[in-house]
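Student: I have a protein model open and I'd like to learn how to read it. Could you take me through a few features, one at a time?

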Amino acid sequence: MKKASPISYAQQGVYIDCVIDPENLRYNNPKAIVFEKKVTSKAVVEALAKVLECHPALFSHFEEIEGKPMQVFAEECHAEVTLRQVSASEADAAKASFVRLFDIGHGPLYRAEVLDAPTEVLLLIDFHHLVYDGVSLNIIMQELCSLLNGIEPSLESNSYAAYAEAQQANTALHKAYFDSLFSEGVTPTHIPEDLGTEEGSHEEYVHLLSTTDTISKAKALGTAPSALFMASAFYTLSRYVNSKNLCITTISSGRQNPLSQGVVGMFVNTLPLVCNIKDETVREFIHVIREMFQQMRQHEEY
């Protein structure tokens, strides 16, 4: 029997967009990966098929069940990876025509082809964002390279379905946090438009920072470099928009939950960051930003 699970919060926005605009390719994630000829095309095909079969989300599809969007997982995962012998010009043509629409109502939601060209072996692969994110690519490529070196992949110990179900169970806790965060009428920070009518000039200024110096500065302030940069960004933006109350967003991998480790799926999420700059020292401000971000990440699944 096929397993159906509720879609995650990260998937909801993409799913709605796909239903509204099903002819758009914005959620395709194509990659072209080149192997030297010493790696045979047959080996790449067989290894990739094994790796893909370890990740059930790639073989799922989406449908509405009792009025709710659900991710439906296939009973069995049989990967299809096509192989073609091509000339150099044919390889270029294949790359140009490879990206096509996915039908999210029918799995699988990946597409893979190996081209055996005169001087290289080229892997073309495409994933729909509903079942894939940047970390997923790292997982697949690490497993593929390991298998080509003789290390067999293993089926996911957890699953995206388990992650989505656990997320739903914690909805009330996360919702309470965000309700509190936005209870005082917080609004997104807007960059003001230029007021002048005369054509101005543009100048770019780049100042490279030493990694060693940055780490040392962060340590001296009792924090991590990420918090130092985030605090700097908030303060600069505050001066630019002439406001001490700021609300911006950042991207999170969404993989704090142990259920996500080694799992291919869409975990990436957008997090709102709210900051109120007060009369405080630099050290105090940086620590406030660090604590705010750490607390936000505890609720990143919502």
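**Starting from one arginine**

Tutor: Let's begin with Arg111, which is buried, with a relative accessible area of 15%. Buried means under 20% relative accessible area, exposed means over 50%, and partly exposed is in between, using a 1.4 Å probe and protein chains only. A word on the source: this is a predicted model, where local features need pLDDT of at least 70 and side-chain atom pairs count only at pLDDT 80 or more, while totals for chains, interfaces and linings use all residues. Residues are numbered from 1 along each chain as its sequence is written, and side-chain values use heavy atoms, with hydrogens and water left out.

Student: Where is the place of Arg111?

Tutor: Arg111 sits in strand β6. Helices (H or I, at least four residues) and strands (E, at least two) are DSSP runs, numbered from the N terminus. The protein comes to nine helices and nine strands.

Student: Which residues is Arg111 in contact with, leaving aside neighbours within four places in sequence?

Tutor: Contact means heavy atoms within 4.5 Å. On that basis Arg111 touches Phe98, Arg100, Leu101, Phe102, Leu124, Ile125 and Asp126.

Student: Over the face of which residue does Arg111 lie?

Tutor: That's Phe102, with Arg111 at 4.3 Å from the ring centre. A charge sits over a ring if NZ of Lys or CZ of Arg is within 6 Å of the ring centre and within 35 degrees of the ring normal.

Student: How do I read a pair of rings?

Tutor: A pair of aromatic rings is described by the distance of the centres and the angle of the planes. Rings of Phe, Tyr and Trp (its six-membered ring) pair if their centres lie within 6.5 Å; planes under 30 degrees apart count as stacked, over 60 as edge-to-face and the rest as tilted. The count by this rule is nine aromatic pairs. Take Tyr163 and Phe267: their ring centres are 4.6 Å apart and their planes are at 65°, so this pair is edge-to-face.

Student: Which parts does the pair of Tyr163 and Phe267 tie together?

Tutor: Tyr163 lies in helix α5 (residues 160-169) and Phe267 in the loop between β8 (245-252) and β9 (269-276), so the pair connects parts that are 104 residues apart in sequence. Tyr163 is buried, at 2% relative accessible area, and Phe267 is buried too, at 1%. Another edge-to-face pair is Tyr177 with Phe178, 5.1 Å centre to centre and 80° between the planes. Ring pairs also link Tyr9, Tyr177, Phe178 and Tyr302 into a cluster.

Student: And how are pockets found?

Tutor: Rolling a probe the size of a water molecule over the atoms shows where empty space is left. On a 1 Å grid over the protein atoms alone, a pocket is an open set of points where a 1.4 Å probe fits, with protein on both sides within 12 Å along at least five of seven lines; lining residues have an atom within 4 Å of a point. Grid points are joined across faces, edges and corners, and a volume is the space filled by probe spheres set on the points. Here the largest pocket has a volume of about 460 Å³. It is lined by 19 residues, with Leu181, Val186, Val274, Cys275 and Asn276 the closest to its centre.

Student: Which elements give two or more residues to the lining of the largest pocket?

Tutor: Those are α6 (171-181), β8, β9 and α9 (282-297).
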